[in-house]
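The structure is shown first.

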Amino acid sequence: MMNSPLRQDALHIIEQTLQKVLPETAVHRALEGRTFPGRILVVSIGKAAWTMAKAAAEVLPRLDGGIVLTKYGHSQGPIPGFSIREAGHPVTDENSLLGAEEVLRLVEQTTPEDTVLLLLSGGGSALFEKPAQGLTLAQLQDVSRQLLACGANIVEINTIRKHLSAVKGGRFGALCAPASVFVIALSDILGDRLDSIASGPASPDQSTSEEALAIVRKYGLVFPPAVMEQLKKETPKTLPNASAVITGSVSQLCHFAAEEAQKLGYTPLVLTSQLDCEAREAGRFFGAMAQSLEKGGSLSPRPTAILCGGETVVRLTGTGKGGRNQELALAAAPYMDGLPHVLVAAVGSDGTDGPTDAAGGITDGSTMAKLRQAEIDLDEILADNNAYEALKQADGLIMTGPTGTNVNDLYFLLFRPKE
């Protein structure tokens, strides 16, 4: 598998596609021709925060204060005019709170002429946090861990987070008044809901208290009384001082991947850019399609690339190491056992899949043989959510390092029949 033509094609598609969704050009485009009468204060939050801030610093005529809040390991050095902080993801930590306090100090004494330029990317929910009055960091961490483990999707997770925060769900935008807030967002949310990107710190909140409470009931979550009381309080529904533009999304990710596949001679088919299901189920679906193509099914006799974008979820049943993309790729492997002309890849556009250093996983017809040789039981591995170790043994980890962007995940199947 290491040097197979299919694998080389897959890695080429991933590399070229990620290059095209980097945020620099998007930030430049969003700021082009804009003028700001008063002070410009830049707050950049998320996994792509460093890259977005650097792009803004290159374009803005001046900078009167700037802060970057990003995930550990995602900053790439100093940027003139910016304080750079790293914090916990996917679970908020003490540095998330310290970073938020620094941001709030920056926007404390604004005038109506000032502009807070808020650069948002995925991961911002964990990285920028101030607990609502009466709540503690430990309580928010417990809430996040329960939500991440129960299989809730990102909109559901952020609905809860918004109602428990003093800076999410539009509350930060309200704190910036009387300054104007201009949001430039990279969307990692299916359907591009602004109020869910980084939990919408400066967007009017579409979600309600009743929806938040319904999510608690749906997943049987157990929260302390103080958390349940806070969930009953409404978030801001209007925010007259804020405007926003979305500069990148998963639909663009799929479009660029399809273009790259076509250049390599594949007929591309984008099934959806809003895949939202359990990672293992998605992996089995891709595996079944691979099997059908390999065995002369009705899909296509030609080189074919079947692509999806979105964000799957993992229902934690074990204590192993992995991420949703690794789990998806591994779940496809049994369907391709011994089949020479198919491959499945799943990659996070941010370059980090779960709490690992891998961006995702890649499997093909040789994967199961390698697992058997290493005496690895696939069912046990999946039950323990330990996809990372299995893929490591099978040479199936995709390693890109942090990419500087975050527009959901890309999943694809490559089929190239013997000519």
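## Helix α3

Which residues of helix α3 (residues 49–59) are buried? In this predicted model, they are A49, W50, T51, M52, A53, A55 and A56. These buried residues pack against α2 (23–31), β1 (40–45), β2 (66–71), β3 (82–87), β4 (115–120) and β5 (180–186).

## Nonpolar cores

The largest nonpolar core has 48 residues, and those touching the most other members are L31, L60, L117, I184, F412 and L414. Beyond its neighbours within four places in sequence, I184 is in contact with A30, L31, M52, L117, L118, L119, L120, V245 and T247. Another core of 26 residues lies apart from it, with V43, L120, F128 and A179 among them.

## Surface patch

L269, L271 and F285 make a nonpolar surface patch of about 270 Å². F285 belongs to helix α12 (residues 279–294) and is partly exposed, at 42% relative accessible area.

## Salt bridges

The count of salt bridges is 24. K20 pairs with E259, with the closest N and O atoms 3.4 Å apart. K20 is in helix α1 (residues 5–20) and E259 in helix α11 (residues 250–263), 239 residues apart. K20 is partly exposed at 31% relative accessibility, as is E259 at 29%.

D205 and K162 form a salt bridge with an N to O distance of 2.7 Å. D205 sits in the loop between β5 and α9 (209–219), and K162 in helix α7 (residues 154–163). D205 is buried at 3% relative accessibility, and K162 is buried at 0%.

R280 and E327 also form a salt bridge, at 2.8 Å from N to O. Because R280 lies in helix α12 and E327 in helix α13 (residues 324–332), the pair ties together parts 47 residues apart in sequence.

How values were computed:
Residues numbered from 1 in each chain as written. Predicted model: local features only at pLDDT ≥ 70, side-chain atom pairs only at ≥ 80, totals over all residues. Heavy atoms only, no water. Core = buried A, V, L, I, M, F, W, Y, C linked by side-chain atoms within 4.5 Å. Buried < 20%, exposed > 50% of the residue type's maximum accessible area, 1.4 Å probe, protein only. Contact = heavy atoms within 4.5 Å. Helix = DSSP H or I, 4+ residues; strand = E, 2+ residues; numbered from the N terminus. Patch = residues over 30% accessible without salt bridge, like charges linked within 9 Å, V, L, I, M, F, W, Y side chains within 5 Å. Areas by Shrake-Rupley, 256 points an atom, 1.4 Å probe, with all protein chains shown as cover. Salt bridge = Lys/Arg side-chain N within 4 Å of Asp/Glu carboxyl O.
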